[in-house]
Each structure stands twice: as structure tokens, then as C-alpha cells.
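Here is a short note to read beside the model. Please keep the structure open as you go through the points.

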Amino acid sequence: MARVYNFSAGPSMLPEAVLRRAQAEMLDYQGSGQSVMEMSHRSKWFDAIAVNTEAAIRRVLNVPDNYKIGFFQGGATQQFAMVPLNFMTTGKADYLVTGNFSKKAAEEAAKFGTANIVASSKDKNFTYIPDVNAINYDKDASYIHICQNNTIFGTKFKEVPQVDGVPLVADMSSMICSEPVDVSKYGCIYFGVQKNIAPAGMAIAIVREDLLGQSAKGMTPEQIPTMMNYTTLLNADSMYNTPPCWCIYMTGLVMDYLEHDIGGLAEMKKINEAKAKVLYDYLDSQDFYTNPVQHAYRSMMNVTFTSPSAELDKAFCAAAAEAGFVNLKGHRLVGGMRASIYNAMPPKAIDELVQFMEKFRKENQ
Ligand SMILES: *Cc1c(COP(=O)(O)O)cnc(C)c1O
């Protein structure tokens, strides 16, 4: 069996050990005589899966007791609307626009109130992150929203905004669990799971309890559509209706893997830093490929690069796929190439990719 190295930005690779365990448990989950895909979400087996998965996320991400963790359908994109619907109590919020997803989040928020764009890196095609300490934040903003790792442009916040009395909300879809995070700096952290955690079909939100029970200015909490109301779903332990059972189960397996096979997020970070360093060091060592991002803001998860021409980019992606390195084509907004090197991408894949890149360079420069 030949498994490819899948550099897709998402859905993306899962750890092979996790896939094997899911395979082993597929037909008869722990003596239940059925697969997790088939069982009732109210069964004792699934109840244990949901409870254990939540507890494992809490341990792995070191989530304090005054935060709730919930499983939501609709992906990260639905969170773009849920955040203002639930939290925009003053009718306005501050948005930092550092790429396509934060732009979309701000556009969604503008449907419910005023989304103030307090900083943007559009002037340099999102190749850097604005200085978070030089921003004129609104003291009356309901929250500050950031996208902490910009999947498409390959940038990452190295420091996050902290304003007294104004909660920070972060989209961490493409960086969650890549390194430890200080959850207490945030009012809400949300992420689609298909980048670094599980199969597509779910988002997870971690919400500080004092933010529950509210709603956007001009509406009551009861007017929020039920499935978009954090309070309803979180108070029902994500069991208000049928949850995305398979995604929750797979999330549990990945948390178990992170905790026991890897040894926690501090270890995961070391592995990820080493992987990213191999690729960035190579990019900096030659003049055929270029990475446009200001070095201080380089993403550890999404590495963008271009060759000297669009034709060579195309030839590179085709030859790479032939050699077993698939989905290296960059996002249409950026062009060129993008290697998404999430947790499940093995270090040796990066070594082999760099060897391939060097061979391609020699043949084409
Ligand atoms: C992929 C991604 C999204 C969109 O996620 P969906 O689950 O497809 O809605 C949002 N934000 C970031 C940072 C992403 O990487």
C-alpha cells in the first residue's frame, strides 16, 4: 500500500496510528457489535466517547474550568456568524484582517452590527501581521477578533491583542494543537477540525462561561437560531440534537494520540518547529524558490513558496504529485505552492520534499 504525502490545507492528513485504530474498531466498537458510525448518540458507548473526548481536549489544551467546550456543525465558517450573534452585545466589534478568512469573518459580523477593521495587512498582500500593540482598539468593542494562523497566506500572530475588559476571539482552525496555547488569554477560541484534528464536518468552540447567555445588540438570546446559540448547545453538552458523532470519536482518538504517543503539545511544538525549520532553511538557502512572508510572521503550519514562473509552478506541482507529494498547489489568491505541514505530516516527508525541491531546482534553474 502506497500512502502519499498529502500537503493539502484541509481536509488533511491524519496520524496513521489513528487511522489504524479507527480501522480496528470499525466493525465492533468495544463489544457493542456496531461501528461508531451506526450507534445512537444517546447510547452508553457514545456517551462515554463524547465525555472522554471533551475531557481529553481539556487536558491536551489545558483548558481552565471556567470554559466550556462544544462540538458544532457548519464548520469554522458558521462560527464567523455565531461569534457576532452571541457576543456582539454593544453592537460593534474590532476585527484584524490578516487574510481571507478574517476578511470573511468581518463581513459576516457586519450583518449583525459594526465590524471595525482596526488593522489590516492587505497593503502588502497579507505577507505580515500588523503590530498588535500599535492598534487603536475601541474600548466599547464587544470583542476583538483575529485569525491567528492564516492558512492561505502562511502567516501567524506571534503575539495576540490583550485589551482589558474586551474579550479576544480567535479562529485557530489551521494551528490548533500544533503548540501549547494559553487559553486564559481568550474569551473564545474556535476551529474547524479538518486541518489538524479530525475529518471534515465539525467545528469546536471553547467559550469562557461569562460570555454565555448574551446576544447581539437589538436581539434577545432567545431570538438566536437554536443551532447557532452557544449557550443552548454548550449547556446541553453538545447533545441538544444529533451531534457529528464520527468527528467527535475521531477527535478523541487524535487527542489520545497527542497525549500518549506524542507526549503533549509542548512535544508536538518541538516536532513542528523542526519540520518548519527544515523547509524554511532550505527556502532561504537558494534563489529559485521564494517565500514572500516577513520572517517574523512565518506560519509553522502553512508554508507558501513560488518558483520563477507560473509555468514552472505548474510543472513543479505535476512532478511533485507524480513523486507522491500531493496537493502542493497554492491557493488561487496567492498562486505558487503551499505545503501545509500539520501535526500528522511526518518529519521525513519534509526531508524528502526538500530533496525533491532541490532536484527540481537543479533541473530547471
Ligand atoms: C479552513 C479555514 C476556515 C474555513 O473552515 P470551514 O470549516 O471550511 O468553514 C476558516 N478559518 C480558517 C483559519 C481556516 O483555515
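1. The second largest cavity has a volume of about 40 Å³. A cavity is a set of points on a 1 Å grid over the protein atoms alone, where a 1.4 Å probe fits but cannot get out; lining residues have an atom within 4 Å of a point. Volume means the space filled by probe spheres set on the points, which are joined across faces, edges and corners.

2. This is a predicted model: local features need pLDDT of at least 70, side-chain atom pairs count only at pLDDT 80 or more, and totals for chains, interfaces and linings use all residues. Residues are numbered from 1 along each chain as its sequence is written, and side-chain values use heavy atoms, without hydrogens and water.

3. Leu61, Met172 and Cys177 are among the residues that line the second largest cavity.

4. What is the volume of the largest cavity? About 70 Å³. Its lining includes Met13, Lys195, Tyr257 and Tyr342. Domain 1 (5-15 + 265-364) and domain 2 (28-260) both supply lining residues, so the largest cavity lies between them. The domain bounds come from an automatic or database assignment.

5. Polar contacts are pairs of N or O atoms within 3.5 Å. A polar side-chain atom of Thr151 is 2.5 Å from a ligand oxygen. For a side-chain N or O atom of Gln194, the distance to a ligand oxygen is 2.9 Å.

Key
Polar contact = N/O pair within 3.5 Å; in protein donor to acceptor, adjacent residues only side chain to side chain. 1 Å grid on protein atoms, 1.4 Å probe; cavity = no way out; pocket = protein on both sides within 12 Å on 5 of 7 lines; lining within 4 Å.
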